[in-house]
Amino acid sequence: MDIKIVRSTNRGTMPPAEKLGFGSVFSDHMFIMDYNDKDLWHDARIVPFGPVILNPAASVLHYGTEVFEGLKAYRTPDGGVQLFRPRDNAERLNNSCKRLKIPALDPDVVVQAIKTFVDIDRDWVPSYEGASLYIRPFVFSTDPNLSLHGVHEARFMIIASPSKAYFSSGFKPVPIMVETEDVRAVRGGTGEVKCGGNYAAANRAGERAEEKGYSQVLWLDGVERKYVEEGGGMNVMFKIAGHLVTPRLTGSILPGITRRSVLQLCRSWGMEVEERLISIDEVIQAAVDGTLEEALCLGTAAVVAPIGALEYNDRVYRINDEKTGPVSERIYKELTDIQWGRRPDPFGWTVRV
Ligand code: COI
């Protein structure tokens, strides 16, 4: 694929470390590629970051026809830049496109686009402790037609934001609220793909949790409201009576790349991790009888965040005295050391740019 490059003449500046949050400052450029039924995916280009002009009838604005990814570029100790499992994101983006009937994007094209884009904006990969360049590829329908239809015109874009981890508290235990009213997804719906609508539907519960002082919600399954599914924007894992467990991918849970990496990492240490249905009653019972040793969130944006407290039906259950447990600590350390290139990557996950 040929990518046309138009360099920005108005270069921005990286905020100082203490001002860096998550996803609010953007690098100098953006990647764009368009689709129509005649030319298919075409006109790949990297241009200065700026507003997008859309027909007001564009399907994305009415029917939420949009899918996205999140991955990061890391500054390595030798000053280089590397990505973490970009091919996995490219494949998941393609799966998400298929679910919404957005024209498929070849994962090779997506990886090439990400690498070329990050190379152009490599100065935006921060070297601050715990910071990285968060990359957001997204695809949406631009069809200017209000009827309900398949996608005949679309756009694939990539933007990037130098960011710290999602939770401003850093690697510290966060309080989470179990959501008992709204549900995130049901099997057969869109829960196992990464589409904007999943996150829009989560807004109300997320706001309620935040108002009560919680960092996130913990979603239960959409049918029985009995089984733990995932956090708001991240997967979860528990250590109960010495066993690591994470919800099985039932069809309504996002197959997280951090989740997959942590499973591989723990198994490489000889630890067993069960992927199975976990009821909220089991988690709460374990919290009550003291066998809930650790709980953690896993996600690209969140990295690894220990869960210090769980609220369920107006009662708060503290986990490990709201301290980071040894397994969470080890996972965080080894995963982030690989991501930032501070230790060799025996899994072949990292890709230099
Ligand atoms: C990510 O972890 O990359 C996500 O897409 C989660 C989002 C809520 C920030």
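In the predicted model, strand 16 (303–312) contributes the largest share of the lining of the second largest pocket, namely three residues. Strand 16 and helix 8 (326–339) are the elements that give two or more residues to this lining. The second largest pocket has a volume of about 300 Å³ and is lined by 21 residues, with K164, A165, F167, G170 and F171 lying nearest its centre. By class, the lining of the second largest pocket consists of 13 nonpolar, six polar and two charged residues. Domain 1 (4–164) and domain 2 (174–339) each provide at least three residues to the lining of this pocket.

Among the elements, helix 5 gives the most to the lining of the largest pocket, with four residues. The lining of the largest pocket divides into 15 nonpolar, 14 polar and eight charged residues. The lining of the largest pocket also draws on both domains, with at least three residues from each of domain 1 and domain 2.

The protein is divided into domain 1, spanning residues 4–164, and domain 2, spanning residues 174–339. A distance of 27 Å separates the C-alpha centres of domain 1 and domain 2. At the interface, 20 residues of domain 1 are in contact with 21 residues of domain 2. The size of an interface is often expressed as the accessible area lost when the parts come together. Between domain 1 and domain 2 the buried area is about 1,700 Å², and carbon and sulfur atoms give 57% of this area. On the side of domain 1, F68, F84 and R92 supply 34% of the area buried against domain 2, more than any other three residues.

One cavity of 30 Å³ or more is present in the structure. The largest cavity holds about 50 Å³ of space. The residues that line the largest cavity are G70, L71, K72, Y74, F84, N89, I257, T258, T300 and Q339. Strand 5 (71–75) and helix 6 each supply at least two residues of the cavity lining, and strand 5 gives the most, with three residues. By class, four nonpolar, five polar and one charged residues make up the lining of the largest cavity. Domain 1 and domain 2 each give at least three residues to the lining of the largest cavity.

Side chains of opposite charge can pair when their charged atoms come close. In the structure the count of salt bridges comes to 30. The pair formed by E179 and R208 is a salt bridge with its closest N and O atoms 2.8 Å apart. E179 lies in the loop between strand 9 (174–178) and helix 4, whereas R208 lies in helix 5, so the pair ties together parts that are 29 residues apart in sequence. Across the interface of domain 1 and domain 2, one salt bridge is found. A salt bridge is also formed by R260 and D88, the closest N and O atoms of which are 2.6 Å apart.

Methods
Residues are numbered from 1 along each chain as its sequence is written. This is a predicted model: local features need pLDDT of at least 70, side-chain atom pairs count only at pLDDT 80 or more; totals for chains, interfaces and linings use all residues. Side-chain values use heavy atoms; hydrogens and water are left out. Ala, Val, Leu, Ile, Met, Phe, Trp, Tyr, Cys and Pro count as nonpolar, Asp, Glu, Lys and Arg as charged, and the others, Gly among them, as polar. Domain bounds come from an automatic or database domain assignment. On a 1 Å grid over the protein atoms alone, a cavity is a set of points where a 1.4 Å probe fits but cannot get out, and a pocket is an open set with protein on both sides within 12 Å along at least five of seven lines; lining residues have an atom within 4 Å of a point. Grid points are joined across faces, edges and corners, and a volume is the space filled by probe spheres set on the points. Contact means heavy atoms within 4.5 Å. Buried area is the accessible area (1.4 Å probe) that two parts lose on being put together, summed over both. A salt bridge is a side-chain nitrogen of Lys or Arg within 4 Å of a carboxyl oxygen of Asp or Glu.
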